[in-house]
Amino acid sequence: MLPPSTSPPPFTSLPNLPSLRHPSSSSRIVSPPPATTTTRVKITSSEIDSLPEHRIILGCGAAVVDFLATVASYPKPDDKIRSTSLKVQGGGNAGNALTCAARLGLNPRLISKVADDIQGRGVLEELESDGVDTSFFVVSKEGNSPFTYIIVDNETKTRTCIHTPGYPPMIPDELSRSSLLSALNGARLVYIDGRLHETALVIAQETARKNVPILIDAEKKREGLDDLLPLASYAVCSSKFPLAWTEAPSIPSALVSMLLRLPKIKFVIVTLGEDGCVMLERSTEEAPASEEKDADSLWESLKQRKDDNIAIPTCYASPLTKIRANGIGTVNGRLFVGTAEKIPPPELVDTTGAGDAFIGAVLYAICANMPPEKMLPFASQVAAAGCRALGARTGLPHRTDPRLAAFLQ
């Protein structure tokens, strides 16, 4: 962790921003910038008619600055190479996901922390310009805002991230109960990305008391995640997390294990990159007594139904059945296999933030009451759009994007 005197390169894309320094405290909740300093996403009256009725969501987690350098190929140890392009923009799982949700038409609020430096002011300004409410941020007078160096490899189409946490770290006492209750007021859904775990747990506990559903981003095993997951209604996981957390032998059996260990969970989604995603949804209906399927066999049978000639995202679903994982147990539910868009190689630029875009679309889909058969292709379509530009936010689509029209009618 950096001491207060250390700072990253400046947020060069947003120079000379007004100071947010407060004279009487070392950290504070900030008020949103005046309306004249932001460019909020404009939504027409015809679009409002098709928006979800309850659109306020609350997020807690990382909002950082990303320094994205594109290189011809990833350097070997002790190499000296030149970047082919450089972009400086906001990042962080929660910041990216809520930016995506805002562009789709939701009204997100974000709880996070930055320092009163040029990077922190840039983070706030960029989020506000996309319609994310930053009035519940904590801004520290000292220290540094969090930032990430991202090396985008043009040869392999991969990205490598080197993250530096913000200093001083956020603590629960910096979020007053009145601010928390205000942030939760009217919220349809709460999203937590697993960072700021102590503050996130306080938020999750209050959210659970109010019976507001929670979606957890389970990217990898993190400190405090075991306390958060039992409070979750939904989870979106990376391909590695379910196996690491459950120690099950396969992803389908790990999904069964997660539903058994987390009785409040309604569904768990695992994102698989270019291989799409898989989702296990719990059902409150009792499956037919004669129906029981092995989880791995059911997954394989759904994958075999994929049509490789279809470029757009699609979804294949099992019927309601008892899904069994040997040595683990059985759940009533449905298994879904979603495909990813087949992006032509010349159009694939950068996968940074693809998982965040997927989650942002899932947040929208939950608020819009989309069925899984529609939600998974929609989220994959949104994620694919983001992969066509450098950085996590540059390519995030707005709800007016023609590629989303079929999902948002």
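The crossing of helices α2 and α10 is right-handed, and this pair of helices opens a briefing on a structure that is a predicted model. The protein has 12 helices and 18 strands, and of its 409 residues 55% count as buried. Among the contacts with a separation of 6 or more, 72% are accounted for by residues 24 or more positions apart.

**Two pairs of packed helices**

- Two packed helices are described by the angle between their axes and by the distance between the axes.
- Helix α2, which covers residues 93–104, packs with α10 at an angle of about 45 degrees, and their axes are 8 Å apart; α2 and α10 are therefore oblique to each other.
- On the α2 side the contact is made by Asn-93, Asn-96, Ala-97, Leu-98, Cys-100, Ala-101 and Leu-104, while α10 contributes Asp-356, Ala-357, Ile-359, Gly-360, Ala-361, Leu-363 and Tyr-364.
- Sorted by class, the residues of the contact of α2 with α10 divide into 10 nonpolar, 3 polar and 1 charged.
- Helix α4 (residues 177–184) and helix α5 (residues 197–209) pack at an angle of about 55 degrees, with 11 Å between their axes, and that angle makes α4 oblique to α5.
- The crossing of α4 and α5 is right-handed, and the contact is made by Arg-177, Leu-180, Leu-181 and Leu-184 of α4 together with Val-202, Ile-203, Glu-206 and Thr-207 of α5.
- In the contact of α4 with α5 there are 5 nonpolar, 1 polar and 2 charged residues.

**The nonpolar cores**

- The largest nonpolar core holds 56 residues, of which Ile-269 and Phe-378 touch the most other members.
- Helix α10, residues 354–367, supplies the largest share of this core, namely 10 residues.
- A second, separate core is made of 51 residues, among them Leu-184, Leu-231, Leu-259 and Leu-272.
- When residues up to four places away in sequence are not counted, Phe-378 touches Leu-104, Ala-361, Tyr-364, Ala-365, Met-370, Leu-404, Phe-407 and Leu-408.
- Within that list, Leu-104, Ala-361 and Tyr-364 also take part in the contact between α2 and α10.

**Buried and partly exposed residues**

- Ser-253 has its place in helix α8, and because its relative accessibility is 3%, Ser-253 counts as buried.
- Leaving out residues up to four places away in sequence, Ser-253 touches Ala-248, Ala-295, Asp-296, Ala-325 and Ile-328.
- Leu-390 lies in the loop between α11 (372–386) and α12 (405–408), yet Leu-390 is buried, with a relative accessible area of 13%.
- Leu-390 and Thr-352 are 38 residues apart in sequence, and from C-alpha to C-alpha they are 7.8 Å apart in space.
- Apart from its neighbours within four places in sequence, Leu-390 is in contact with Leu-68, Thr-70, Ser-85, Lys-87, Gln-89, Val-152, Val-349 and Asp-350.
- Lys-306 is found in the loop between α9 (295–303) and β16 (315–317), and Lys-306 counts as partly exposed because its relative accessibility is 27%.
- Lys-306 and Tyr-316 are 10 residues apart along the chain, and their C-alpha atoms are separated by 7.7 Å.
- Tyr-316 is also one of the residues in contact with Lys-306 once neighbours within four places in sequence are set aside, and the others are Asp-275, Val-337 and Thr-339.

**Backbone features to look for**

- Most residues other than glycine have a negative phi, and most peptide bonds are trans.
- A cis peptide bond joins Tyr-167 and Pro-168, with omega at about -5 degrees, and Pro-168 is found in the loop between β9 (158–164) and α4.
- Asn-211 is not a glycine but has a positive phi of about 60 degrees; Asn-211 lies in the loop between α5 and β11 (214–218) and is exposed, with a relative accessible area of 68%.
- Glu-247, a residue other than glycine, has a positive phi near 60 degrees; the place of Glu-247 is in the loop between α7 (241–246) and α8 (251–261).
- Glu-247 is exposed, since its relative accessible area is 71%.

Notes:
Residues are numbered from 1 along each chain as its sequence is written. This is a predicted model: local features need pLDDT of at least 70, side-chain atom pairs count only at pLDDT 80 or more; totals for chains, interfaces and linings use all residues. Side-chain values use heavy atoms; hydrogens and water are left out. A nonpolar core is a set of buried Ala, Val, Leu, Ile, Met, Phe, Trp, Tyr and Cys residues joined through side-chain atoms within 4.5 Å. Buried means under 20% relative accessible area, exposed over 50%, partly exposed in between (1.4 Å probe, protein chains only). Helices (H or I, at least four residues) and strands (E, at least two) are DSSP runs, numbered from the N terminus. Contact means heavy atoms within 4.5 Å. Axes are lines fitted to C-alpha atoms, for helices over the stretch in contact, and angles run from 0 to 180 degrees between N-to-C directions. Angles under 35 degrees count as roughly parallel, over 145 as roughly antiparallel, 65 to 115 as roughly perpendicular and the rest as oblique. A crossing is left-handed if the near helix is turned anticlockwise from the far one by less than a right angle, and right-handed if clockwise. Ala, Val, Leu, Ile, Met, Phe, Trp, Tyr, Cys and Pro count as nonpolar, Asp, Glu, Lys and Arg as charged, and the others, Gly among them, as polar.
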